[in-house]
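Q: I would like a close look at one part of this model, please. Take me through it step by step, and give the cut-offs as the terms come up.

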Amino acid sequence: MLKFEDIVGQEEIVSFFRRSIRQNKISHAILISGEKHTGKKFMARIFASALCCERGGENPCGECRSCKMAETENHPDIVPVLHEKPTSFGVNDVRKGINDDIVIKPYQTNRKIYIVPDASMMTPGAQNALLKTLEEPPSYAVIILLADNRETLLPTILSRCICLSVKPVPNGTLRGILREKGKLSEGDMDLAVAFARGSIGRAELLSESEEFSECLRECVRLLSRMERLSSSDERTFLKLIADNKGKEADYLDFFRVWFRDVLYYKATEDAEGLTFSHGRREIMRYAGKLSYEELRKTVDYIEEIQASLRAGVSPGLSFELLIDLVRDALTDMKV
Ligand SMILES: [Zn+2]
């Protein structure tokens, strides 16, 4: 059975959970925010199991009936709150999943815990519907909201919750975890760590994905010949992006890290410190050709596209414009 010790790099959240259990002061509303794949649900489940454990220790014991049910996700008092539409969480979902159910007393233990995985998808109407419950929750209720992006939550919701945020895990720790799995070469491991942005879940996904190395090779091929990119190369790139709907921001990450490398090399001339060890020669060449201003502009533009993709805006012409921006800078066709 998973315990608090299995949570890596989130001391603040873990010590909050442990302290609440030790002092028996459990908040009725807790928000855990952090990017996708950062283990929010994993942490919430361990906390919920500990709250329901019949032995009442700081960690779930793993042996009592309650722990066994929690482990297989069959505990009647640990309620996952789902939503019908894939991208939005509406009023009816809140009513059905929380408001109408919360009046029913716990079956097995003296607590009833609601885990809401996609809280950031809640519409304002849904949040207002939830607010009424948060204002006067039954004494046994604990609502744990998990949000990829807390910006979408109303201030009135935030002010009723204990807000915890997931911290990025240091690269050294991530590298250690990947090395233990032994699936990647040292070079690919550096890249997976760079793309994981401090998330263990992402690092693991990348290390297990065959697509990752393939797409990486394709991006390096394109990136190393941006100024003489033929129209068929350009089409290949646009097709790669189009074929991977929903992952555009991830693919752009290759570009972001690549140009960060160029910027890094320009400032330090340290080829050993580059993330893209495969593309070293090209990165050095780019560093000689591009000015700080052009590099900064490129990285900013990539980050801008990524932010709008994450906010659900369609990419439109942003990829063509990105290619033009880099190609013009490299070939001195500046406007
Ligand atoms: Zn137990």
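What follows starts from the open sheet and then turns to the largest nonpolar core.

A: Happy to. A word on the ground rules first: this is a predicted model, in which local features need pLDDT of at least 70 and side-chain atom pairs count only at pLDDT 80 or more, while totals for chains, interfaces and linings use all residues. Residues are numbered from 1 along each chain as its sequence is written.

Now to the sheet. Five strands make up an open, parallel sheet, and their order is β2-β3-β4-β1-β5. Strands here are DSSP E runs of at least two residues, helices are H or I runs of at least four, and both are numbered from the N terminus; two strands pair if DSSP finds at least two bridges between them. The edges belong to β2 (78-80) and β5 (162-165); each has a single partner strand, so one side of each is left without a neighbour in the sheet. On average, neighbouring strands are turned by 20 degrees against each other, direction ignored (axes are lines fitted to C-alpha atoms, for helices over the stretch in contact, and angles run from 0 to 180 degrees between N-to-C directions).

Let us zoom in on one pair. Strand β3 (residues 112-116) runs parallel to strand β4 (residues 141-147), and five bridges join them. Here I115 stands opposite I144 in β4.

These two isoleucines also stand out in the packing. The largest nonpolar core has 44 residues, and I32, I115 and I144 touch the most other members. (Such a core is a set of buried Ala, Val, Leu, Ile, Met, Phe, Trp, Tyr and Cys residues joined through C-beta atoms within 7 Å.) Helix α2 (residues 40-52) gives the largest share of this core, eight residues. Beyond its neighbours within four places in sequence, I115 is in contact with K41, A44, A48, I78, P80, V81, I144 and L146, contact meaning C-beta atoms, placed from the backbone, within 7 Å.

V81 is also a contact of I98, together with Y114, L130, T133 and I143, again leaving aside neighbours within four places in sequence. I98 lies in helix α4 (residues 91-99) and counts as buried because it has 21 C-beta neighbours inside 10 Å. (Buried means 20 or more other C-beta atoms within 10 Å, exposed means 12 or fewer, and partly exposed is in between, with C-beta atoms placed from the backbone.) A129 is 31 residues from I98 in sequence, with 9.7 Å between their C-alpha atoms.

For contrast, look at N24, in the loop between α1 (11-23) and β1 (29-33). N24 is exposed, because 7 other C-beta atoms lie within 10 Å. Its phi is near 50 degrees, a positive value in a residue other than glycine. Most residues other than glycine have a negative phi.

Finally, the wider setting. The domain assignment, which comes from an automatic or database source, gives domain 1 (4-165) and domain 2 (209-330). The C-alpha centres of the two domains lie 39 Å apart. Another positive phi, about 55 degrees, occurs at E269, in the loop between α12 (248-268) and α13 (280-289).

Conventions. Two residues are in contact if their C-beta atoms, placed from the backbone, lie within 7 Å.
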